[in-house]
Amino acid sequence: SLSETVGYYVQGGPSIVSPDGAESDTVFSGKAGASVAATEQLSIYGEVSFATGANGADNGYGTKAGATFRF
């Protein structure tokens with residue numbers, strides 16, 4: 001069934017950023033990802049993430065992709 005081969009997650013919330021020599025700021029960050037079982041031992045995954053800019057900085061974005069092998 002599909003629920004046995006695909007997994008996913010979503011995470012979000014506030015984050016406190018405290019750089020050296022600057023004031024702390026609270027930003028919002030989040031990420032979402034999924035994994036797919038290619039075989040019984042191999043899974044493929046991907047993730048996208050973001051964080052709003054602290055102290056007037058630009059927003060940040062990221063991606064991640066990979067594979068997990070179980071033996």
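F50 counts as partly exposed, with a relative accessibility of 33%. This residue belongs to strand 3. The structure described here is a predicted model.

F50 also takes part in a nonpolar surface patch, which it forms with F28 and Y61. Together, the three residues of this patch have about 350 Å² of accessible area.

## Aromatic pairs

Two aromatic pairs are counted in the model. In one of them, the ring centres of F28 and F50 are 5.9 Å apart and the ring planes stand at 35°. Planes under 30 degrees apart would count as stacked and planes over 60 as edge-to-face, so the pair of F28 and F50 is tilted. F28 sits in strand 2 (residues 25-37), while F50 sits in strand 3 (residues 42-51). The pair therefore ties together parts that are 22 residues apart in sequence. F28, like F50, is partly exposed: the relative accessibility of F28 is 42%, and that of F50 is 33%.

The other pair is made by F69 and F71. Here the distance is 6.2 Å centre to centre, with 25° between the planes, and the pair is stacked. F71 counts as exposed because its relative accessibility is 89%.

## The loop between strands 2 and 3

E40 is located in the loop that runs between strand 2 and strand 3. Is E40 buried or exposed? With a relative accessibility of 82%, E40 counts as exposed.

Which distance in space separates E40 from R70? The C-alpha atoms of E40 and R70 are 8.3 Å apart, although the two residues are separated by 30 residues in sequence.

## S43 in strand 3

S43, like F50, is part of strand 3. S43 has a relative accessibility of 15% and therefore counts as buried, whereas F50 counts as partly exposed.

Leaving aside residues up to four places away in sequence, S43 touches V36, A37, A38, G66, A67, T68 and R70. R70, one of these contacts of S43, is also the residue whose C-alpha lies 8.3 Å from that of E40.

Methods:
Residues numbered from 1 in each chain as written. Predicted model: local features only at pLDDT ≥ 70, side-chain atom pairs only at ≥ 80, totals over all residues. Heavy atoms only, no water. Phe/Tyr/Trp six-rings, centres within 6.5 Å; stacked < 30°, edge-to-face > 60°. Helix = DSSP H or I, 4+ residues; strand = E, 2+ residues; numbered from the N terminus. Buried < 20%, exposed > 50% of the residue type's maximum accessible area, 1.4 Å probe, protein only. Contact = heavy atoms within 4.5 Å. Patch = residues over 30% accessible without salt bridge, like charges linked within 9 Å, V, L, I, M, F, W, Y side chains within 5 Å. Areas by Shrake-Rupley, 256 points an atom, 1.4 Å probe, with all protein chains shown as cover. Salt bridge = Lys/Arg side-chain N within 4 Å of Asp/Glu carboxyl O.
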